[in-house]
Amino acid sequence: AMGRWTYEGIDLNHNFADLNTVLWDAEDNDLVPHEFPNHYIPIPEYYTFANATVAPETRAVIDWMQRYPFVLSANLHGGELVVTYPFDMTRTYWKAQELTPTADDGVFRWLATVYATSNLAMASEERRLCHYDDFIRFGNIINGANWHTVPGSMNDFSYLHTNCFEITVELSCDKFPHASELPAEWENNRESLLLYMEQVHRGIKGVVRDGDTEQGIANAIISVDGINHDVRT
């Protein structure tokens, strides 16, 4: 756990606003999407208070995410060899592990697979277990909540508060690789990082325009039948 907490004692990996619970409560009460949104979920008021336990680093990242309309992201961790995808928090609050897919589960599984299959360490035939979890038989990808629940993760926050689809890459069995190992770590991840970035070109893209004026429409909500998670232009 060394290195997980800031000087102020805050775990940045669990420090984002929990938007999962408010969404799932609204779903359970049949409020989504007509009375409660299924995307761009607002940050709860308690989280914005000056005395809230929110690190300045977390506030800065949220401000950054709100200023730029990112659509694809990955955050890099260490200590395992696996790619995890949202949701990171279990829907059943008392469960430590539970498969908790998003409405875009197929896309997330694809993104995770692109990274894992092109990562030299993960794809190696000589690949061994880091610890006791056998991710190899799952293709070195896993739903985050099905591994261990993480309330307030950046991945879940990105998906529910912005247009951004984000995964976590556990880069290496060793959380603290020696400097001499870094060139090999770069080689392990170079192609997978490039292939992952190229995935922004998948899907439908274009400009939503007014039918009469041909002017672009900002913040137009785009819905796809069968996927209860919209995106905005």
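Predicted model: local features only at pLDDT ≥ 70, side-chain atom pairs only at ≥ 80, totals over all residues.

User: Why is Ser 192 called buried?

Analyst: Its relative accessibility is 0%. Buried means under 20%. Ser 192 therefore counts as buried.

User: Where is Ser 192, and what does it touch?

Analyst: Ser 192 sits in helix H8, residues 182-198. Leaving aside residues up to four places away in sequence, it touches Tyr 115, Ser 118 and Asn 119. Contact means heavy atoms within 4.5 Å.

User: What makes Val 71 a lining residue of the largest pocket?

Analyst: A lining residue has an atom within 4 Å of a pocket point. Val 71 is one of the 36 residues that line this pocket. Val 71 is also among those nearest the centre, with Asn 163, Phe 165, Ile 204 and Val 231. The pocket volume is about 1,300 Å³.

User: Which element gives the largest share of that lining?

Analyst: Strand E6, with five residues. E6 spans 227-232. Helix H3 (56-67), helix H4 (105-118) and strand E5 (221-224) each supply at least two residues.

User: How do the lining residues of the largest pocket divide?

Analyst: Into 20 nonpolar, ten polar and six charged.

User: What about the second largest pocket?

Analyst: Its volume is about 710 Å³. The lining has 28 residues, with Arg 4, Asp 11, Asn 13, Asn 75 and His 77 nearest the centre. Elements giving two or more residues include H3 and strand E1 (72-77). The lining divides into ten nonpolar, twelve polar and six charged.

Terms used
Residues numbered from 1 in each chain as written. Heavy atoms only, no water. 1 Å grid on protein atoms, 1.4 Å probe; cavity = no way out; pocket = protein on both sides within 12 Å on 5 of 7 lines; lining within 4 Å. Points joined across faces, edges and corners; volume = space filled by probe spheres on them. Helix = DSSP H or I, 4+ residues; strand = E, 2+ residues; numbered from the N terminus. Nonpolar A, V, L, I, M, F, W, Y, C, P; charged D, E, K, R; others polar. Buried < 20%, exposed > 50% of the residue type's maximum accessible area, 1.4 Å probe, protein only.
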